[in-house]
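Here is a short briefing for a first look at this structure. Keep the sequence and the 3D view open as you read.

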Amino acid sequence: RGNGVNVVKIAPETAMKFFAYEQIKKVFKGSNGHELGVTERFAAGSLAGVLSQTAIYPMEVLKTRLALRKTGQYRGVVDATRSILRNEGVRSFYRGLLPNLLGVIPYAGVDLTIYETLKNWWVPRRSATDRPSVRVLLVCGAISCT
């Protein structure tokens, strides 16, 4: 129950997190383009996690409500959305966001710091023009989130 929403939210959440991370890294690097340290990577990862989680949080609320519903309470995702909006208002989709973000900050920070560190470790071991393959990036990502 509610797993369909979970499956649907994973791809956009991850895409937003990585996109935000790359954009935040550019801001942190500034015009001189210096290599980011571990602390800066952690901060960029944490901020990216906060942004993506805030954007996707209404789906997290829907997933939880659908999983914990009483039998027959909602007919599906659309019915649950309408019912929550009608009975509780838009703010209910963000209830509990702050405690959630307090957990996301260290998780996303560590996750993306490790990912970037592994990627940076791999790059110097190849030629300057050799970019990491998708397989290498997937392995870095898999290791960083475990």
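Tyr 115 is buried, because its relative accessibility is 8%, under the 20% cut-off. This is a predicted model.

**The aromatic pair**

- The structure holds two aromatic pairs.
- Phe 18 sits in helix 1 (residues 3-29) and Tyr 115 in helix 4, so the pair ties together parts that are 97 residues apart in sequence.
- Is Phe 18 buried or partly exposed? Its relative accessibility is 28%, so Phe 18 counts as partly exposed.

**Helix 4 with helix 5**

- Helix 4 covers residues 97-122 and helix 5 covers residues 134-144. The two pack at an angle of about 140°, and their axes are 8 Å apart.
- Helix 4 and helix 5 are therefore oblique to each other.
- Their crossing is right-handed.

**Helix 2 with helix 4**

- Helix 2 (residues 38-68) also packs with helix 4. The angle is about 130°, with the axes 6 Å apart.
- Helix 2 and helix 4 are therefore oblique to each other.
- Which hand does the crossing of helix 2 and helix 4 have? Helix 2 passes helix 4 in a right-handed crossing.
- The residues of the contact of helix 2 with helix 4 divide into 13 nonpolar, ten polar and two charged.

**Helix 2 with helix 3**

- Helix 2 and helix 3 pack at an angle of about 105°. Their axes are 10 Å apart.
- That angle falls between 65 and 115 degrees, so helix 2 and helix 3 are roughly perpendicular to each other.
- Leu 62, Arg 65 and Leu 66 make the contact from helix 2. Val 77, Ala 80, Thr 81, Ile 84 and Glu 88 make it from helix 3.
- The contact of helix 2 with helix 3 has five nonpolar, one polar and two charged residues.

**Asp 79 in helix 3**

- Helix 3 spans residues 77-88 and includes Asp 79.
- Asp 79 has 17% relative accessibility and therefore counts as buried.
- What does Asp 79 touch, leaving aside its neighbours within four places in sequence? Asp 79 is then in contact with Gln 73 and Tyr 74.

**Phe 93 in the loop**

- Phe 93 lies in the loop between helix 3 and helix 4.
- Its relative accessible area is 7%, so Phe 93 is buried.
- Leaving aside neighbours within four places in sequence, Phe 93 is in contact with Tyr 57, Pro 58, Val 61, Leu 62, Thr 81, Ile 84 and Leu 85.
- Among these partners of Phe 93, Leu 62, Thr 81 and Ile 84 also belong to the contact of helix 2 with helix 3.
- How far is Phe 93 from Ala 44? Their C-alpha atoms are separated by 26 Å, and the two residues are 49 residues apart along the chain.

Definitions and conventions: Residues numbered from 1 in each chain as written. Predicted model: local features only at pLDDT ≥ 70, side-chain atom pairs only at ≥ 80, totals over all residues. Heavy atoms only, no water. Axes fitted to C-alpha atoms, helices over the stretch in contact; angles between N-to-C directions. Helix = DSSP H or I, 4+ residues; strand = E, 2+ residues; numbered from the N terminus. Parallel < 35°, antiparallel > 145°, perpendicular 65-115°, else oblique. Left-handed = near helix turned anticlockwise from the far one by under 90°. Phe/Tyr/Trp six-rings, centres within 6.5 Å; stacked < 30°, edge-to-face > 60°. Buried < 20%, exposed > 50% of the residue type's maximum accessible area, 1.4 Å probe, protein only. Nonpolar A, V, L, I, M, F, W, Y, C, P; charged D, E, K, R; others polar. Contact = heavy atoms within 4.5 Å.
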